[in-house]
Amino acid sequence: MAMHANLIDGEWVEAPNASENRNPSNLSDVVGLYAQADAKQAEQAIDAAAAAFPGWAAATPQQRFDVLDAAGTEILARKEELGRLLSREEGKTLPEGIAEAGRAGQIFKFFAGETLRVAGDRLDSVRPGVIAEVTREPIGVVGLITPWNFPIAIPAWKIAPALAYGNCVVLKPADLVPGCAWALADILKRAGLPKGVLNLVLGRGSVVGEAILQSPKVAAVSFTGSVATGRHVAQRCIEGPAMKKFQLEMGGKNPFVVLDDADVEVAANAALNGAFFSTGQRCTASSRLIVTEGIHDRFVDTLTGKLKALKVDNALKEGTQIGPVVDQRQLDQDLDYLKIGQDEGAKLTWGGERLNRETEGFYLQPALFTETDNAMRINREEIFGPIATVIRAKDYESALEIANDTEFGLSSGIATTSLKHAEHFKRNSDAGMVMVNLPTAGVDYHVPFGGRKNSSYGSREQGRYAIEFYTTVKTSYAQP
Ligand code: NAD
């Protein structure tokens, strides 16, 4: 099997080692052989990006538009095939994989348009005769470090704005999902990107990631992943040798509040989708379902009924609603938390068993804990699997308090038919994204994405807000 190589300075460069990318729905299926770069290759990629930067920074908006637009067109045209690759390497269902690939295409289209809309300010100075101008410039070489759970959308939502605003990129995707990142790099190379502007370095976080964090030639790092790695990225970016700008998107423990006046079907469907779809492996997953007394039992019954009907199977099989867990390590973590929850006194109302299917994979029955308390570890720590908890609340006020009582603040939701409570929740929920009668997961590509507290650090990703991270502002004064 041929190795999928790294893209360095416009060339495909094989690495000293390679690793097998295996399908979590079918462990005998090898998706491909992918490069495992060493630190030297990472440095070569960074050097190539640094050399390409002056040219790309000076490219016209039209040149950047053309590349991003062409990449978006190809991704959209190939979304079925790319979606299949995604589902095969990550394990989310085929419709989810195709939707994510489509979203990546839309993101490139969006940022193609944004290349034409970079504006500045020109002001009269407070000093007579002086003119003040505020302009935006690219930052330089940006290191992009991405997680495994959105293998094409997250690289896309970092690469597209980075390139749109004139930066050069070194992308280090998660080791579990090199396939989508490789396909993206291939598409961008053929879309006419000058050599060195985008470099792909596949490999370990401790090797390739560290090389990016330690290089004085990297001006900024955009990271998505766990809080623990995020903290480490932040420390490295600050301690030098050269301080870097950084942006971190991390974990969640997202609350979904269900009030007595909610439509129980709407609430249960939103909870089902938010908590369990994509195998619960979403940073925006509704992991804590906070339910007021009057609707509690009806909601739990309705949700449990829907959970029992879910089809858990091979991600590529028609009709599958929940694919496998991504790998053995994540499965072990899920099983640990299932035990921790029961040891803490939570009631496992449904699910949690390891499942066998036609093909050998990491199948887990989605699980629902009830009678839980917000102080339990299962309500405080991110599990990142198809496991949700129900917490009883006296009324709206106590539900809101429980919702905000967490170290995270990425997404939150409420199911209610009360305008008063919906508006109050939107204003007072301590999260970066708030949903009313909608799942906590599932967002648009043209508006900002991000959270508060330990979920995010730095400026927002996506939409027009992405410009804050991928440009630096210059203020100039002139006396004509
Ligand atoms: P992770 O933190 O283990 O890894 C993320 C990336 O960091 C990977 O590419 C990894 O190789 C790299 N890395 C690891 N060690 C490194 C090091 N020492 N130096 C540099 N890079 C290093 O996270 P994961 O398991 O891939 O993803 C799951 C996590 O991502 C969850 O916590 C989830 O909530 C979070 N996530 C957050 C968002 C968001 O936008 N807030 C979106 C998706 C996922």
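## How the ligand is held

In this predicted model, a polar side-chain atom of K172 lies 2.8 Å from an oxygen atom of the ligand.

| Residue | Protein atom | Ligand atom | Distance |
|---|---|---|---|
| K172 | polar, side chain | oxygen | 2.8 Å |
| D175 | polar, side chain | oxygen | 3.4 Å |
| M250 | polar, backbone | nitrogen | 2.7 Å |

On its own the ligand exposes 850 Å², and the protein buries 89% of that (Shrake-Rupley areas, 1.4 Å probe).

Now for the neighbours. The shell comes to 28 residues, with T146, S226, T229, M250 and E382 the closest; to be near, a residue needs a heavy atom within 4 Å. By class, that's 13 nonpolar, ten polar and five charged residues, with Gly counted as polar.

Where do they come from? At least two residues each are supplied by α7 (205-214), β11 (218-224) and α8 (227-239), and α7 gives the most, with four. These are DSSP runs, of at least four residues for helices and at least two for strands. Domain 1 (3-250 + 455-478) and domain 2 (254-436) each put in at least three residues.

A note on the numbers: residues are numbered from 1 along each chain as its sequence is written. Local features need pLDDT of at least 70 and side-chain atom pairs pLDDT 80 or more, while totals for chains, interfaces and linings use all residues, and side-chain values use heavy atoms, leaving out hydrogens and water.

Key: A polar contact is a pair of N or O atoms within 3.5 Å; within protein, one must be able to donate a hydrogen and the other to accept it, and residues adjacent in sequence count only if both atoms are side-chain atoms. Domain bounds come from an automatic or database domain assignment.
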